[in-house]
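Take a first look at the chain shown here.

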Amino acid sequence: MGKIIFIAPDKALYKKGQDMIKRLSLENEVEIYLSRLGRAVKLACSLQNDHVDVIISRGGTASLLRKENLTIPLVDIRVTGQDLAKCFHESKKKTGLVSPKIALFAFENMKEEVEGLSSILNVSLSLYKLEKKEDIFTKVNNLLFKDADIIVGGMSTAVYARKKGFQACVIHSGDFAIKNALLEAKRIVNGRKIEKKRTQMFKALIDYSTQGVIGVDDKGLINVFNEAAEKLLEIEAKNIIGKSLSTLFPFYSFPDLKEKNELGETKIYGTKTFLFHKIPIIVDEKMVGGMIAFQDITHIQKMEEKIRKDIGNKNLTASYTFQDMFGISEELDCVKRTGLRMAKTEATVLISGESGTGKELLAQSIHSESERRNGPFVAINCAALPSSLLESELFGYEEGAFTGARRKGKKGLFELAHRGTIFLDELGEMDASAQSRLLRVLQEKQFMRVGGHQYISTDVRVIAATNQNLVESIQKGTFREDLFYRLHVLSITIPPLRDRKRDIPYLARLFLQHYNEKYKRTFSLSEDAYKMLEKQQWLGNVRELKHFIEKLVVVEEKDRVKREDISHYFGVNSMVKEQEEQQSLKENEKEKIREVVKGCDGNISKAARLLGINRSTLYRKLRKYHIKVEKSY
């Protein structure tokens, strides 16, 4: 049952209040106290946690209570025109004057009816506004006897005025005002009762929900944290209530809730994966708070991964690790160390390198060392498919999407790679449409099948590779600049075999051993033959070297061959050609650097980023090739 507290600042109001409570049969709902000003404030503060629904008071006491910002609604017993008229009439009788000078001491809530009545009742009225109790003493002390025949106000004002020798008259509230206040309080109690019922139903729904539920106020501070949230996040509500939402979930801030309802967003928190639903709370077109509901879907994802693997991902695995990247050069060792660091992150990787340098081998190695190692590894050569088929391979298609489409549609590689890695080789060969769709997947983490109407969420790490100069492709307009920067989060370049010559004889020996076992031979090369191999350009890189060794093992009749036995494979002028090719490569690099730096208006940081090298390396090459940097201002 709701409780109403009636605080009367004087005995007359206390007595009238008791009578009106009985007349309205509210004895079981209203408790009445005699107290005013400061003591009344202390009383109200002590009662606000005692299941009190409404407080009723009057005059200065009500004004002070309102300034306390109590959590309980306050009903003011309004001073009516009738109450003031009676008081002014009483003032005339006390002073014996037809038009006495009245000094009215009033708090804000007592003076509204005053000014219009003064002329009607033929009194000379001076209004003294009060804001706090101490103002009564100050303003009475400063008042001269010639300025007022009588002081009118509340009980405290009248008591002090008489002490200072003034005549005084107390404004009393009539039955009408008291009755209205009690009935208004009763209406508030009934309204709060309905609201409490709704709140309790809402609380029960939240408390017994198996989903975690978190509520925030209009400042983004957490004010609801149910038991399920405590268990799922392993945090006690008392330790999080009142704190900012972003301190709990760094990936969410209060403005995120303002956008719109967002259902089914997957986020990782600690070791668990949760499905989040964001719901803003809108009242009168204004956001007053928000709710986040979430559930643990880690076990669902594990089941999903198993199903995906059982149905169609049996062969979508990585076969290689960094241990399979054979070589002894410092350049290759640097690539492996950098790749290992990249494997510890979730960022997109762009691998650059000439054909045959082992870009997919590096991509598989990064996947095998990552947290996604147990997920699928899906690779596609973007240059191997016509543009008309590339999108359907990447994103899948629905039944009837095009002539020849499978009856039940087909999953795309992004769908098959869920919770794993997709490797996009020869990325520079993608057409504009596929580039646009790939950019959306990277941004939104979702895609739509060809011919489909629903978005499919995906959790895929993208590793891309190219043997093209994507900066030049951007300048030509054949590759999107925004996609380049999305992919260029982490970049790594595999140097060609000619730039890591120590690896050539080492790899040749490994390939020789392999093909000897395969073809049942005891074939070998002399040291001068190995040196000749080391001096070649190997434009096809490791792949070309491997095929060359296989050819020697198959076609050479001797079990041991020397330099002169294999020189005809390269031509008699191979050394001259090698020097010419090296010079040509240097010229190409020089021209490339000059164009990029010029295109960046001399901005070294931007140019280095586009070239895929650090600033110190670019400065070294600028000095090496005597390239002058000109900045535009």
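This report covers a helix and then a single strand residue.

## Basis

This is a predicted model: local features need pLDDT of at least 70, side-chain atom pairs count only at pLDDT 80 or more, and totals for chains, interfaces and linings use all residues. Residues are numbered from 1 along each chain as its sequence is written, and side-chain values use heavy atoms, leaving out hydrogens and water.

## Helix 1

Helix 1 has 13 residues, 11-23. Helices (H or I, at least four residues) and strands (E, at least two) are DSSP runs, numbered from the N terminus. At 1.5 Å a residue, helix 1 should span 18 Å, and its end C-alpha atoms are 18 Å apart, which agrees. The expected span is 1.5 Å times one less than the number of residues.

Leu13, Gly17, Met20 and Ile21 are buried in helix 1. They sit on the same side of helix 1, because they cover an arc of only 100° around the axis. That arc is taken from the directions from the helix axis to the C-beta atoms. Lys11, Lys22 and Arg23 are exposed on the other side. Buried means under 20% relative accessible area, exposed over 50%, and partly exposed in between (1.4 Å probe, protein chains only). Cover for the buried residues includes strand 1 (4-8), strand 3 (54-58) and helix 8 (175-207).

## Ends of helix 1

Asp10 caps the N-terminal end: one of its side-chain oxygens lies 3.1 Å from the backbone nitrogen of Ala12. Just after helix 1, Ser25 takes a positive phi of about 55°.

## Asp296

Asp296 belongs to strand 13 (residues 286-296). Asp296 counts as partly exposed because its relative accessibility is 22%. Leaving aside residues up to four places away in sequence, Asp296 touches Leu232, Lys272, Thr273 and Phe274. Contact means heavy atoms within 4.5 Å.

Technical notes
A polar contact is a pair of N or O atoms within 3.5 Å; within protein, one must be able to donate a hydrogen and the other to accept it, and residues adjacent in sequence count only if both atoms are side-chain atoms.
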